[in-house]
Amino acid sequence: MNAHMPYILCLILFCIGIYAVLSKRNIIKIILGVVIAEYAVNLFLILVAYKAGGRAAIFSTTEHIAPQSMVDPLPHALVLTSIVIGLATTAFMIALAIRLYGKYGTFDITRMRELRG
Amino acid sequence: MSKEHEHGMSLIVKTVTRLTVGLIFLYGIYIILHGHLTPGGGFAGGVIIALSFINLDLAFGGKVSAGIFSKESTGVVEALGALMFLALALIGLQYGGFFDNFLHPDGEPGGLVSAGIIPLENIAISLKVGAGLFGIFLTLIVLQKFESESKQ
Amino acid sequence: MISESIVPLFVAVPLAGAFLTALLKRVRGIPDILGVMSSFSGFVLSVFFLVRMQAERTVLVLNVGNWGGFQEVMGRIVGIQMVVDGFTIFMLLIVNFVAFLVAVYSVSYMTRYTDKWQFHTLFLLMLAGMNGVLVTGDMFNLFVFVEVASIASYALVGFGTGKRELEASFKYAVMGGVASLLILLGIIFLYSATGTLNMGDMKTVLSEWSVQPALIYLVFGLFLAGFGLKAAIVPFHAWLPDAHPSAPAPISAMLSGVLIKALGVYAIARVFITVFGFPRQVSIILLVLAAISMGVGALVALRQWDMKRLLAYSSISQVGYIMLGFGIGTPLGIMGALFHLFNHSMFKSLLFLDSGAVEYATGTRNMKEMGGLARKMPVTSGSTLAGAMSLAGIPPFAGFWSKLVIIVAAVQAHHMKLAAWAVLMSIVTIAYVLKVTRFAFLGELREKFRDIREVPALMRIPLIILALMCIFGGLLLVPQVRDVLLSPAVRVLAENGGM
């Protein structure tokens, strides 16, 4: 198995998300695209911390674990933050989508034509 | 059919929810209080607590949690949680810096009362996250009603 | 020691104000007072740091959470650092000054909307995010604060909840969300390559590499696209002409006056110049993008009839000027860029506030329907004239001097074509500025506007102050003033990446 495989899969996932954002006309699908791309980035962030045979970075009173054998804990903290930010963005966009549906009666972005340019 | 059955999901779901929702709530509190010792913490625990309320609403159809926790009060609790977190950070200024862990002694490593202000911060975060998440859920429900009314 | 430890107050005070507003929303007048007081204390703090910086002439570094002691043990910086240098203070002053005036203005203006407390909460969250972006010395923290400010601004753009507002807000949220992902991806690549998130550390690690790996070019691309989207440089500008007109006028002023600068321009300058040492490829790309932005923004602005939309396109063009100054990279160019950034904050927020005042009085933004407002609204039209002249670059208004500095810097750096292009585009700028003054304020007063009145005093005061800044902003170039404000900021950037 190629060691770079997970990274390539992340990239593919990211591209799927961006593709959905750029080409879909349904608002919900666009939001899903953003979410997919966001999770590709989060996945990538977690993979950066990976260490073969690494342990969780928690000190225990019963068992001694050398710090060298722990995975890098920093990306884990970062990914939590980034997930929370993603949650806020997604919730906001869904609320907007519901309001837009109330105004236009459709989720089709091409039929929302108040703004041009 | 009982009157209870008019709203929400089937009897099976309701019964299971009634049995488990308290446990979910307690589990959330456990996660928060042990946040400095085990994986989890204020954020995860807050989400679990919010989920227990959301679970009630989903199973019983909307109005149940409103009696316990209205949309107004989610806003208040959320703001309180944020202010508590910020206050803990600002009190640190007295002792040497922003977010300084000013509670000395820190306690025994591994004990429940340890790690200085970190458990307190976990509680503040859980208030903020739990109320915030439940508030988002309630807001989206309200928007949905608003939307179905405007369609009629 | 004391002054270092209060650096986090730049973030904490607006944040506390925001949540107190949410808590005390029922109490009459509290949201207004908190909104004004929080932004005012931000301004006081930045003045305090300016004075202190004058005395000490050092860079203030704060280790959040007292993790500084671990630096010796671990051999590297642990935890988040907050850094205040000349560039930071310069930006903090602009952001908090404009935010304070906008907060005063919106006390009267926002009475048109319901749920005013939500406006103040979001406004203060946005301010906290921007201040955070400016003071942080940590890459990931930068991303977090960029997101705090961005999400608050998405919501503020859609504040009116009309069709247009929601649509603009959605467009902005999707594009802004993708931009944030690109920024985050760039930060992850940098972290995996350098093993640190601290900007100072990162700079040391990067400068030790003899050969730049290909990865670094990918990071350049990601950051340029991500921060470029936040700054609305031309290929990434599509959200701005919708978002700025749709937002309430005070928010348009904030977005155009400071948000795109704190999140976009400042971040680009900070990341590319201080961290990467301003690589040549990036400066060339910046110059090209700046030239395109200047042209597209100015030419499209010419054909707009919506006053706020015209100003929004003009923002794209003016950010092009700022980018041109940074792209030239000489100390003079950077000074021109910073000076123009200052001026643009003043005149563009003034013009957006004026457009809000006109809308407040007449209920329209279409310049074809206006006319003759000068007689009915002397303060608004006078301040618009000051802002417009500064935007057009008419001497002795402030905008003239900053454009002159940028153009002189371009000539000195042998970018003759760019200098000529900048001159040409400032002539186009004069044309669309004249369109605003001619159609909105001069000419015949319409019958239906017979009874309009000047806006309330709380809206007039910020207009007057900003207009004075537009008229006398050129004084920043006077050596005594320059040594206090501009020179320290220029020194920070020129030391790191000056050519």
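I began with α3(A) and α8(C), whose crossing is left-handed (a crossing is left-handed if the near helix is turned anticlockwise from the far one by less than a right angle, and right-handed if clockwise). I noted that this is a predicted model, in which local features need pLDDT of at least 70, side-chain atom pairs count only at pLDDT 80 or more, and totals for chains, interfaces and linings use all residues. Residues are numbered from 1 along each chain as its sequence is written, while chains are lettered from A and ligands numbered from 1 in the order in which they are written.

**Entry 1: α3(A) against α8(C)**

I looked up the axes of α3(A) and helix α8 (residues 163-194) of chain C; they come within 10 Å and cross at roughly 155°. Axes are lines fitted to C-alpha atoms, for helices over the stretch in contact, and angles run from 0 to 180 degrees between N-to-C directions. The two helices, α3(A) and α8(C), are therefore roughly antiparallel to each other (angles under 35 degrees count as roughly parallel, over 145 as roughly antiparallel, 65 to 115 as roughly perpendicular and the rest as oblique). I listed the contact residues: among them are A:F92, A:M93 and A:L96 of α3(A) and C:L166, C:F170 and C:A173 of α8(C). Two residues are in contact if their C-beta atoms, placed from the backbone, lie within 7 Å. By class, I recorded eight nonpolar, four polar and four charged residues in the contact of α3(A) with α8(C). Ala, Val, Leu, Ile, Met, Phe, Trp, Tyr, Cys and Pro count as nonpolar, Asp, Glu, Lys and Arg as charged, and the others, Gly among them, as polar.

**Entry 2: chain C against chain A**

I then turned to the whole contact, which takes 27 residues from chain C and 25 residues from chain A. On the side of chain C that touches chain A, α8(C) gives the largest share, 17 residues. I found that this side of chain C divides into 17 nonpolar, five polar and five charged residues.

**Entry 3: chain A**

I counted three helices and zero strands in chain A. Helices (H or I, at least four residues) and strands (E, at least two) are DSSP runs, numbered from the N terminus. The radius of gyration of chain A is 20 Å, well over the 13 Å that the globule rule gives for 117 residues, so chain A is more spread out than a compact globule. The radius of gyration is taken over C-alpha atoms, and the globule rule is 2.2 Å times the number of residues to the power 0.38. I also noted that the C-alpha trace of chain A spans about 65 × 35 × 20 Å along its principal axes. The average pLDDT of chain A is 84, and 93% of the residues score at least 70 (pLDDT is the predictor's confidence in each residue, from 0 to 100).

**Entry 4: chain C**

For chain C I recorded 22 helices and two strands. With 499 residues, a compact globule would have a radius of gyration near 23 Å, and the 22 Å of chain C agrees.

**Entry 5: α12(C) against α15(C)**

The contact of α12(C) with α15(C) has eight nonpolar, seven polar and three charged residues.
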